[in-house]
Amino acid sequence: MPSERVAVTPPMLADIPGLFAPLMDRGLAVDVNPGPYPLDDAGLAAFLGDAIAAVVGLDRVSAGVFRACPRLRILARNGVGLDNVDLDAATRSGVVVTTPLGANSTSVAELTLGLLVALVRRIVATHNRAQSGVWIREPGIELAGKTLGVVGLGRIGKKVATRALGFEMRVLANDIMPDVAFAAPRGIPFVRLTELLAEADVVSLHVPLTPLTEWMMNAGTLARMKRGSFLVNTARGRVVDPHALAAALDRGHLAGAALDVHMVEGQVDKALLGRPNVITTTHLGAYTHEALRRTAEVAVRSIVETLDGRRPEGLMNPAVWG
């Protein structure tokens, strides 16, 4: 019997053929959580238990979890973003943390453009009316010639910008670390956030959740957006204040919003329910067959590399490796 185990919290990963073969070939036992998911603090600590490695998704990994799992050597995220992992606690506990950088960028970018098109053409509201027997044609707007403001021109933001250019949109960008080598040849200028908000017909958010970005879109910044513009958020829920967004929609300052992420995972904020000009999806950005496989394969590979003593792909706390 294998003496060491790898704990996997996202149940859907059990459906990917051959995913865990590299781990099982090493004699490791792989335990996949059958549900519920994501696990709460106590449930996660209990499930990880004596595991030497773990693949986690949306579960919040607190300092208490690391203390409760002293055998844990590597925590591999199967999604990008580390706002649900106490990275400092992981480093103090000597646990390597990795994330599959870029592995789900295409899926998130494609959903962003899908939400954008659905939003400006009122596709969801029209579908709902038509299904209930109400035949109303509501005019939308063309994207060609409109301005898209990309807040966070990183891996995902770049893919969104590239696709928007294919729609013949003008693209503005805001980023704390401007990649001019990418932007300049494509005619994408970097501007201050205030300028981007004032000029963009659509603002699309692609920033990580940090103390700098939490509630970035609040009553003040939403008021700076162009009247009649749209907001799309496929980043993190707490980047947008939902109550301020609801107020901006109520007074007609914004024409609509599309949100794939929410303040609390698993529920839409009540202030945004029942609005025909708001599209809410269930954190689908990286939820495609292709992205799930890519991110999970990177997580598995990171575990193998770590256990082999090689610096793993997507290492997020290099101090612990040193």
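Where is the place of S302? S302 sits in helix α12, residues 289-307.

Some ground rules. This is a predicted model, so local features need pLDDT of at least 70 and side-chain atom pairs count only at pLDDT 80 or more, while totals for chains, interfaces and linings use all residues. Residues are numbered from 1 along each chain as its sequence is written, and side-chain values use heavy atoms, with hydrogens and water left out. Helices (H or I, at least four residues) and strands (E, at least two) are DSSP runs, numbered from the N terminus.

S302 is buried, at 0% relative accessibility. Buried means under 20% relative accessible area, exposed means over 50%, and partly exposed lies in between, with a 1.4 Å probe and protein chains only. Leave aside the neighbours within four places in sequence, and S302 is in contact with I74, T98, P312 and E313. Contact here means heavy atoms within 4.5 Å.

A299 is buried, at 1% relative accessibility. Again leaving aside neighbours within four places in sequence, A299 is in contact with V55, A76 and R77. One distance for A299: its C-alpha atom is separated by 14 Å from that of V95, 204 residues apart along the chain.

Next, a helix pair. Helix α5, residues 105-120, packs with helix α7, residues 155-166. The angle is about 45°, and the axes are 8 Å apart. That makes α5 oblique to α7. On the terms: axes are lines fitted to C-alpha atoms, for helices over the stretch in contact, and angles run from 0 to 180 degrees between N-to-C directions. Under 35 degrees counts as roughly parallel, over 145 as roughly antiparallel, 65 to 115 as roughly perpendicular, and the rest as oblique. The crossing of α5 past α7 is right-handed.

Which residues in α5 meet α7? They are S105, T106, V108, A109, E110, T112 and L113. On the α7 side they meet R155, I156, K159, V160 and R163. The residues of this contact divide into 5 nonpolar, 3 polar and 4 charged. Ala, Val, Leu, Ile, Met, Phe, Trp, Tyr, Cys and Pro count as nonpolar; Asp, Glu, Lys and Arg count as charged; the others, Gly among them, are polar. As a reminder, an α-helix has 3.6 residues a turn, so residues three or four places apart point the same way.

Stay with V108 in α5. V108 is buried, with a relative accessible area of 6%. Beyond four places in sequence, V108 is in contact with I156, T234, G285 and A286. The C-alpha atoms of V108 and L284 are separated by 7.9 Å, at 176 residues apart along the chain.

Now strand β9, residues 229-233, where we find N233. Is N233 buried or exposed? N233 is buried, at 0% relative accessible area. The side chain of N233 reaches the backbone oxygen of R236 at 3.1 Å. That is a polar contact: a pair of N or O atoms within 3.5 Å, where within protein one must be able to donate a hydrogen and the other to accept it, and residues adjacent in sequence count only if both atoms are side-chain atoms. Outside four places in sequence, N233 is in contact with L205, V240, A258, L259, D260 and V261.

On to helix α11, residues 242-250. Its buried residues are P242, A244, L245, A246, A248 and L249. They pack against α10 (219-224), β9, β10 (254-259) and β11. At the start of α11, a side-chain oxygen of D241 reaches to within 3.0 Å of the backbone nitrogen of H243. After α11 comes G252, with a positive phi near 80°.

Last, backbone geometry. The peptide bond from G35 to P36 is cis, with omega near -5°. The bond from Y37 to P38 is cis, with omega near 0°. P36 is in the loop between β2 (29-32) and α2 (41-48), and P38 is in the loop between β2 and α2.

Then the positive phi values outside glycine. E168 has a phi of about 65°. E168 is in the loop between α7 and β7 (170-174), and is exposed at 59%. H283 has a phi near 55°. H283 is in the loop between β11 (278-280) and α12, and is partly exposed at 22%.

Terms used. Left-handed = near helix turned anticlockwise from the far one by under 90°.
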